[in-house]
Amino acid sequence: FQAEDGIRDVERSRGLGDVYKRQGQYFPVFSDDRGSYILSSKDLCLISHMDKLLNARIDAFKLEGRMRGILAVATMVRIYRAAIETYLENPSNYSVDPNWVSELNKISHREYFTGLIFNEEEVNSFTSESYIRPYTLAGIVKEIVSTDKNHTTTALVEARNPLKKGEILEFLGDKDTTFRWLANEFVLTNGEKRDEAKPNELIKIRVPFPPFRYQIIRKKSAE
C-alpha cells in the first residue's frame, strides 16, 4: 500500500519518526497462515466478556476514543464503567445487562467483533464496513439556570444539531441511566420562544429531572 500523507514538521510527528517523511513511497504487505492485517474493518466490542477479562486480573482498559465524537466517548466510558463496577460489587453473581449492549449499539460504529481474543473466525468474516449511526449528538448542557419547587429544572443547552418540537431528547446520566424528554419548547437567551433550534444556538429548556453541567444529549438520527 502507498503512504498518501506526510507531516512536514517532525517535531509534531508524535514520536512516529521518519514514517511521515515517506509520502508517496510504497510499503510491502505480508501475509501468513492467519491472514493479512492492515486496518480492521470492524470495531472491537468486549462488553459481553468483561467478567472474563476482569477475572484475568487485567488492571486497566483503554477505550479507543481518537477520531470519535463526544457522544460515542461518553457512552463507552459510562457503560464500561458500569460493567466494571457491577462486577467488582459481586463477581460471583455478575451478568451482562442487556441495556449495556443496547447503549453501545446506539453510538456510531461499524460491525462489532471480539478481535483475536476468543474466535478468530470473526476476523475473517465480513459483512459491511459502513458505519451504523442510529443516534446523533443533540446538544450539551452548558449551565443549570434554576430549579422550582416542583423540581422542574431550567437548563441552558448548546444545540449541536437541528432540534424540533416533538422530538425525544435523551440525556445521558451517570453510569447506564438515561432521562428522556419530549421537546415542547425552546427559549432563546433573549426570551424568544421557538419550536426549533439551530446548531450552535444557546437555548433554555425545562425538564422534570435534574440535569447536570456538560451532560450529553442525544436524539435519533434522521432516517
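How many helices and strands are there in the protein chain?

1. The protein chain holds four helices and 12 strands. Please keep in mind throughout that this is a predicted model.

2. Some totals for the whole chain come next. Of its 223 residues, 31% count as buried. The accessible surface comes to about 14,800 Å², and carbon and sulfur atoms account for 50% of that surface. Among contacts between residues at least 6 apart in sequence, 64% join residues at least 24 apart.

3. In what order do the eight strands of the open sheet run? The order is β7-β6-β12-β3-β4-β11-β8-β9, with antiparallel pairing. The edges are taken by β7 (178-182) and β9 (193-194). Each of these two has a single partner strand, so one side of each is left without a neighbour in the sheet.

4. Strand β6 (residues 168-172) is joined to β7 by five bridges in the antiparallel sense. In this pairing, I168 has L182 of β7 as its bridge partner. Helix α2 (residues 70-89) packs on the sheet and touches β3, β6, β7 and β12 (216-220). The direction of α2 makes about 105° with that of β12.

5. Strand β12 deserves a separate look. On one side, β6 and β12 pair in the antiparallel sense over two bridges, and F171 stands opposite I217 in β12. β12 also pairs with β3, again antiparallel, over five bridges. Two of the residues with bridge partners in β12 are T136, whose partner is K219, and I140, whose partner is I216. As for cover, four of the five residues of β12 are buried, and the strand is described as mostly covered.

6. Which strand does β3 join through seven bridges? That strand is β4, and the two run antiparallel. T147 has T153 in β4 as its bridge partner. β3 and β4 form a hairpin, with five residues between them.

7. The turn of that hairpin contains H151, which has a positive phi of about 65° although H151 is not a glycine. The loop in question lies between β3 (135-147) and β4 (153-159). Is H151 buried or exposed? Its relative accessibility is 61%, and the cut-off for exposed is over 50%, so H151 counts as exposed.

8. N200 is another residue with a positive phi, about 75°, although it is not a glycine. N200 sits in the loop between β10 (196-197) and β11 (202-207). With a relative accessibility of 57%, N200 counts as exposed.

9. Which residues form the nonpolar patch on the surface? They are L44, I117 and F118, which together have about 280 Å² of accessible area. I117 is placed in the loop between β2 (112-113) and α4 (121-124). Its relative accessible area is 43%; exposed needs over 50% and buried means under 20%, so I117 is partly exposed.

10. A reader new to the model could begin with β12, which is mostly covered, and then move to β3, its partner over five bridges. From β3 the hairpin leads on to β4, by way of the turn that holds H151.

How values were computed
Residues numbered from 1 in each chain as written. Predicted model: local features only at pLDDT ≥ 70, side-chain atom pairs only at ≥ 80, totals over all residues. Heavy atoms only, no water. Buried < 20%, exposed > 50% of the residue type's maximum accessible area, 1.4 Å probe, protein only. Pairing = 2+ DSSP bridges. Contact = heavy atoms within 4.5 Å. Axes fitted to C-alpha atoms, helices over the stretch in contact; angles between N-to-C directions. Areas by Shrake-Rupley, 256 points an atom, 1.4 Å probe, with all protein chains shown as cover. Patch = residues over 30% accessible without salt bridge, like charges linked within 9 Å, V, L, I, M, F, W, Y side chains within 5 Å. Salt bridge = Lys/Arg side-chain N within 4 Å of Asp/Glu carboxyl O.
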